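Here is my note on this model, point by point. Please read it with the structure open.

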There are 2 protein chains.
Amino acid sequence: MTTKEPVLARARGQTLTGKIETALRLRILSGDLPPGAKLSLDRLKNEYSVSLSALREAVTRLASDGLLEVEEQRGYRVAPISLDNLAEVTRLRMELEPLALRQAIANGGIDWETDVMAALYRLNRTGRDPKDQESLEVWEAAHNAFHLTLIDRCDMPLLLRMCGQLSEMYNRYRHLFLSIKGEQRDLAAEHTEIAESAVARDADRAAALLRAHIEKTGAALKARLEAALPGQER
Amino acid sequence: MTTKEPVLARARGQTLTGKIETALRLRILSGDLPPGAKLSLDRLKNEYSVSLSALREAVTRLASDGLLEVEEQRGYRVAPISLDNLAEVTRLRMELEPLALRQAIANGGIDWETDVMAALYRLNRTGRDPKDQESLEVWEAAHNAFHLTLIDRCDMPLLLRMCGQLSEMYNRYRHLFLSIKGEQRDLAAEHTEIAESAVARDADRAAALLRAHIEKTGAALKARLEAALPGQER
DNA sequence: TCATAAAAACAAATCGATTTTTCTTCCACT
DNA sequence: AGTGGAAGAAAAATCGATTTGTTTTTATGA
């Protein structure tokens, strides 16, 4: 549970609704609002000191991003998690991100190549200290930026939006279930290979590597989730 | 421009917001609210005799479905159309629907087969009379139902939502630019082939046929759109 | 004791009015 | 004439209160 004033004040230049949306989004992605939890609009309204109208619009937007589920006349709840859902998100990312990457390789020029290598450099130079919450956030930001930079030049707004939403759901699972300790992979090597194939215009190889990268992360998450949700059937 | 009372009264059991959403959605898809048009919330509020809160939530939902675009502090406008957008929608449908179809073929049993053949039968028995607006609507409903039935059993809610949104955008282009007169294709034969391959569990063939089917429609629409938007560059 | 139904409590949906922001017009000044 | 900017108008965002619908509780009859 976070305090309210700082969170709302931080995001400037936006509309109030946008600020609340951002604040709630962070709480959902971080697990502060756990999967399946019912949202009391009344309570949130007081917590953030806003009117129902603003709050209502914020949760409507979050629902459309798949972070909340809405039952008419019965309120909102945080989107539940499940093995099925994780499998679908993984599967769709495996299809869509390589598609976007191929297009980006076709469209991108020297600027794009530069951006990719820059994002890779920053990511590989960013350390993760399991004990330091802030370093984890910085690493995640760099990781997200790297994946986005790879595909950003695909020039397909709808596809980018889909990939963005899927990544967001993915990050929630990662926050909830993936501690760094268990990681046995050389992530840096994987990222570097992907970036270098992409910049070298080897679309087939880059797409295959990206697909495998997503699949591996998905498998790791699945293992953790299975351990955390014992007895639940597919 | 439609009258208000009947439209809102027709959709029962829903929340008021839901009714407005449905009414506006129809007007956008039919072209009654043309691409790029600015929405005056004030005018719509009076037109439908509802409060701003309800209307606001309705347009927020439509925006999240990609039918409206929102600029903060500056209002909503109907999503514009373009060759680029049409190309992206076509491309994504070509990727996603076959993916869903393969999964449906893997998952579906005798019930699914039956549903597919039933939807095919209804579609092929539904005539289109260019002069009769109602017959066009009936045909379109049958057509949508057929495509949805094909992939419904993929058991991937996120994927189905994406396909649904893309189809919706597609149907808008069809309404705006595709008269039946120019159609030189044997649509019934295409649909029949797809359905029969699917039911016969020939996933590769069914997916390829569906992909080609979408591509052909996309090409036809592109030609019409190019004719209608002269001088506009890709 | 259980089932049923009325009623009280609670929460979501809607409303009308107010505040804030953006857009437009018009005037002063160079 | 052209630029800058202030005043007014229009539109979006927000608010607090009311209405409508859902859930829970309690009382009644079999």
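1. A polar contact here is a pair of N or O atoms within 3.5 Å; within protein, one must be able to donate a hydrogen and the other to accept it, and residues adjacent in sequence count only if both atoms are side-chain atoms.

2. Some ground rules. This is a predicted model, where local features need pLDDT of at least 70, side-chain atom pairs count only at pLDDT 80 or more, and totals for chains, interfaces and linings use all residues. Residues are numbered from 1 along each chain as its sequence is written, chains are lettered from A and ligands numbered from 1 in the order written, and side-chain values use heavy atoms, without hydrogens or water.

3. Two further pairs involve DNA strand D. On chain B, a backbone N or O atom of Gln73(B) is 2.8 Å from a phosphate oxygen.

4. Which elements give two or more residues to the surface near DNA strand D? They are α2 (16–30) and α4 (52–64) of chain A, with β1 (38–39) and α4 (52–64) of chain B. Helices (H or I, at least four residues) and strands (E, at least two) are DSSP runs, numbered from the N terminus.

5. In total, 18 residues surround DNA strand D. The closest are Leu16(A), Thr17(A), Ser53(A), Arg74(A) and Arg56(B). A residue is near the strand if one of its heavy atoms lies within 4 Å of it. Sugar and phosphate supply 84% of the DNA strand D atoms that come within 4 Å of the protein.

6. Glu97(A), in helix α5 (residues 83–107) of chain A, is buried at 2% relative accessibility (buried means under 20% relative accessible area, 1.4 Å probe, protein chains only). Arg27(B), in helix α2 (residues 16–30) of chain B, is buried too, at 5%. The Arg27(B) side chain makes a polar contact with that of Tyr48(B), at 3.0 Å.

Terms used
Buried < 20%, exposed > 50% of the residue type's maximum accessible area, 1.4 Å probe, protein only.
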